[in-house]
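Please look over the sequence and the structure shown here before reading on.

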Amino acid sequence: MKRILTYGTFDLLHYGHIRILKRAKELGDYLVVALSTDEFNAIKGKTAYHNYETRKKMLEAIRYVDLVIPENNWEQKVQDIKDYKIDVVVMGSDWADSDKFDYLKEYCDVVFLERTPGVSTTQIKSDLQLQEAVSGVDQVPQT
Ligand code: C2G
């Protein structure tokens with residue numbers, strides 16, 4: 001059984017997330033997702049809309065995902081690979097040049113898959129804020 005591991009916040013789940021999970025699972029038989037806790041997101045400088053428990057439940061509902069574990073810090077990856085007997089760590093290509101994953105090549109394969117263009121949680125949030133602002137202007141009572 002080929003075991004795959006990936007990491008992320010997976011907030012406001014979108015098709016970019018689904019596509020990386022689908023392609024990651026296609027590389028093996030069992031997919032573990034290490035999901036950033038709310039506390040770790042604070043360290044990453046991120047504030048998720050959904051809390052950890054909600055994001056975990058949403059990931060567990062995805063057919064490609066076999067297990068969701070907490071990602072508490074940057075340093076746990078080697079232990080995760082050992083604990084879950086991981087063969088391949090998979091991340092989106094935006095992580096390809098970071099020092100957060102290359103060192104894992106001593107312990108397992110590391111694969112970067114093309115990031116899905118045109119969608120991100122940040123973009124969704126800003127688009128919604130813009131829509132809110134525009135619709136707010138439209139509702140100004142006509143004098
Ligand atoms: N992703 C993607 N295409 C997008 C958006 C995201 O392929 N349009 C991928 C990212 O490359 C990442 C995964 O989806 O592999 C999760 O993305 P995020 O939830 O934004 O996770 P991130 O903040 O990158 O956290 O230790 C690593 C971090 O926890 C990764």
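The report below covers the overall build and then the salt bridges.

## Basis of the model

This is a predicted model, in which local features need pLDDT of at least 70 and side-chain atom pairs count only at pLDDT 80 or more, while totals for chains, interfaces and linings use all residues. Residues are numbered from 1 along each chain as its sequence is written, and side-chain values use heavy atoms, with hydrogens and water left out.

## Overall build

The protein has 5 helices and 5 strands, which are DSSP runs numbered from the N terminus (helices H or I, at least four residues; strands E, at least two). Their order from the N terminus is β-α-β-α-α-β-α-β-β-α, and the C-alpha atoms fill a box of roughly 70 × 30 × 30 Å along the principal axes.

Of the 143 residues, 42% are buried, where buried means under 20% relative accessible area, exposed over 50% and partly exposed in between, with a 1.4 Å probe and protein chains only.

## Salt bridges

The protein's salt bridges number 8, each being a side-chain nitrogen of Lys or Arg within 4 Å of a carboxyl oxygen of Asp or Glu. One of them joins Glu-60 and Lys-56 at 2.7 Å, N to O; because these residues are 4 apart in helix H3 (residues 52-60), about one helical turn separates them.

Glu-71 and Lys-77 form a salt bridge at 3.7 Å, N to O, and Glu-71 is buried at 2% relative accessible area, as is Lys-77 at 0%. Arg-115 pairs with Asp-94, their closest N and O atoms being 2.9 Å apart; Arg-115 lies in the loop between strand E5 (109-113) and helix H5 (121-138), and Asp-94 in the loop between strand E4 (88-92) and E5, so the pair ties together parts 21 residues apart in sequence.
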